[in-house]
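Dear colleague,

I am handing over a structure for you to look at, and my notes on what was found in it follow below.

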Amino acid sequence: MSETSRKFLIGMLLFLAAGAGVGWLYGHLDWGLLAATLVALLWQVRNLLNFERALRTGDFETFRYGEGIWEQLFSRFRFERERGSRHKKNHRVLLREVRKSTNAMPDGAVILDVNNEIITCNRAAKRLAGLKRKKDRGQRVDNILRDPGLTELLHSGDHKATVEMMSPVNDGDWLNCRVVPYGADQKLLLLQDITERMRLSKMRRDFVANASHELRSPLTVISGYLDGLADDENIPPAWKKPVAQMRRQAARMRQILSELLELSRLEGAGPAKSDQPVDVRGLIEGTVEALGGHANTARMNIEAESTAKLQGNSAEIETVIVNLLSNAIRYTPPDGEITVSWRSGSEGADLTVADTGEGIDPEYIPRLTERFFRVDKSRSRDEGSIGLGLAIVKHILARHDAELIVTSETGVGSVFRCHFSPDRVVIEPPVPLAGDG
Amino acid sequence: MDIADLNEHISRRYNQDIEDLRGSVLSMGGLVESQLSQAVAAIVTGDSELGLQVARDDYKVNNLEVNIDEECGRIIATRAPAASDLRLIVAIIKTITDLERIGDEAEKIGFLASKLAAMDRPSDSYREIKTLGNHVAHMLRDAMNAFARLDVDAALETVKQDELVDEEYEVIVRQCITFMMEDPRSIKRVMNVTWAARALERIGDHAKNICEYVIYMVQGRDVRHTLQSEHPDTAPD
């Protein structure tokens with residue numbers, strides 16, 4: 001029991017005892033006790049009313065000084081109250097600072113609850129996506145940002161994927177959306193303005209396409225004259241070699257340009273469509289026949305176990321096979337072996353080109369599909385390689401919902417595997433041999 | 001009616017049903033919006049593949065319409081909605097019909113885009129179709145936003161935009177007539193442009209209808225055929 005309560009109790013008992021004593025002196029102990037009790041009760045009621053009034057009006061003068069239990073009670077109360085309001089003020093300042101900083105963020109941020117309902121958002125979200133912080137509270141975010149891709153992203157629960165969508169506020173602007181989980185069941189939707197990035201990448205694509213296109217016509221003229229010169233019997237023999245050299249380089253340049261054009265076309269195009277399924281096995285056989293058979297190339301085996309066909313663009317699939325195969329030939333010694341296989345199963349289909357060549361250092365594997373990337377700078381330039389082949393393969397595969405998986409061991413060989421998703425694979429009953437063209 | 005009013009049913013499951021229904025109408029709206037913007041982009045950029053893609057994807061819109069229709073029927077049958085809920089359901093049933101029609105118009109524009117891509121392109125690369133298309137896309141977006149936010153003022157604002165769309169359509173038609181008179185060889189191409197403009201104008205009308213359903217849903221009054229243009233006296237404030 002605290003000091004104050006003890007004092008209060010003792011005071012109370014003493015007061016009652018005094019009342020009883022006075023009553024006893026006069027011969028009426030009970031009356032004395034009753035009178036003392038009534039006085040004490042009145043006193044406490046008055047204090048209680050005062051306390052209530054002080055709470056109500058906020059005028060605490062009556063209780064400011066003194067040591068009685070009421071004064072103690074009051075000062076305790078006032079202390080707690082002041083502490084509470086101090087905390088509240090601190091929190092409010094903090095909240096304001098947080099809000100100020102989130103408003104200063106260049107990216108839009110929207111806090112969502114488990115049902116994708118908007119809890120709050122910052123100013124950039126308003127600027128970029130037209131969300132209203134107060135009005136849209138409790139609204140599902142995909143009710144306002146109705147891009148089908150974003151709706152799918154919100155419901156998929158995928159926290160790594162991003163979706164690009166057109167800004168609903170500013171025409172021609174693009175937003176990159178990302179969902180990040182946070183707290184208990186809450187999500188943060190981040191919106192980033194990528195208009196500039198999109199514009200730059202379009203500019204780059206257009207530049208490459210236009211530059212290649214513009215370079216092609218002068219090159220055609222040059223090659224034309226070179227062809228004429230090469231066939232001319234009258235030119236001095238000293239010029240024969242330079243002309244032949246120039247002709248080769250002009251042809252190479254033409255090839256680079258046409259591959260660059262092909263790449264920029266692939267980059268701009270959407271998913272590949274097809275009218276009729278591509279016979280991959282037939283393409284493999286044709287390509288092997290066309291590329292093989294030379295004295296100094298490695299032996300080529302075909303392991304086409306599957307007759308499955310592929311939904312896609314036949315010419316592009318052929319390009320994939322040709323590029324992978326010619327790479328394999330280039331890096332495999334004549335006594336090596338190259339295996340091309342085509343297998344299908346419930347998880348899709350795989351086109352694999354494996355060689356027993358020199359292999360690729362693991363650190364270079366992620367960079368293989370970069371344009372003009374070469375593992376060995378000094379080596380392959382003279383052998384007709386340009387450095388665009390795998391970049392083209394990668395883009396074609398992306399258009400066919402497929403991915404390129406490269407595994408390699410130095411000195412043992414490399415495996416280039418193209419994995420196609422099951423949606424693209426068409427399994428047909430095997431055709432009788434007689435009808436097979 | 002306010003968003004909060006939609007969420008005060010005793011049954012939580014009912015709230016959830018209503019919210020899901022609203023959500024699916026709005027995602028159907030989102031799909032239609034993207035179909036429209038892609039169809040217009042296909043005309044403007046002369047991308048025949050994109051145009052055909054839009055035409056092929058119209059079945060998605062149709063499927064959504066059927067699903068939402070079914071869900072509305074189910075809610076009416078099992079929950080017997082009254083007052084604002086009933087108005088919401090009625091408005092949704094009408095809205096999805098208009099959205100489906102907008103989807104059909106977008107499909108048509110997609111087809112026209114693939115045809116136009118194969119023909120000569122004018123030097124302004126269909127700028128007027130782009131302007132009209134953007135305008136209509138804004139209208140549709142504002143209509144769907146008004147639906148999501150139950151915002152009567154925005155709905156009225158959007159209804160007014162329809163007049164501008166009609167005017168723009170008028171201008172395009174006149175321009176097309178001039179082209180055809182100047183050069184009869186261009187008639188085939190210009191007719192396609194006219195049809196595309198016509199489809200866009202129709203989309204504007206459907207967007208306007210959706211706004212009217214929003215007003216009905218929120219305030220319970222039917223403003224069809226009574227707005228400013230027809231009866232200036234009854235203009236809502």
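In what kind of crossing does α7(A) pass α8(A)? The crossing is left-handed, a term used if the near helix is turned anticlockwise from the far one by less than a right angle, with right-handed used if clockwise. Please keep in mind that this is a predicted model, in which local features need pLDDT of at least 70 and side-chain atom pairs count only at pLDDT 80 or more, while totals for chains, interfaces and linings use all residues. Residues are numbered from 1 along each chain as its sequence is written, and chains are lettered from A, ligands numbered from 1, in the order in which they are written.

Helix α7 (residues 195-231) of chain A packs against helix α8 (residues 237-268) of chain A at an angle of about 155°, and their axes are 9 Å apart; helices here are DSSP runs (H or I, at least four residues), numbered from the N terminus, and axes are lines fitted to C-alpha atoms over the stretch in contact, with angles from 0 to 180 degrees between N-to-C directions. Because of that angle, α7(A) is roughly antiparallel to α8(A) (angles over 145 degrees count as such).

Turning to the domains, whose bounds come from an automatic or database assignment, chain A is divided into domain 1 (3-93), domain 2 (105-193), domain 3 (197-268) and domain 4 (280-435). The centres of domain 2 of chain A and domain 3 of chain A, taken over C-alpha atoms, are separated by 47 Å.

Finally, the contact between the chains takes 14 residues from chain A and 17 residues from chain B, where two residues are in contact if their C-beta atoms, placed from the backbone, lie within 7 Å. On the side of chain B that touches chain A, the largest share, 10 residues, comes from α1(B).

Best wishes

How values were computed. Helix = DSSP H or I, 4+ residues; strand = E, 2+ residues; numbered from the N terminus. Parallel < 35°, antiparallel > 145°, perpendicular 65-115°, else oblique.
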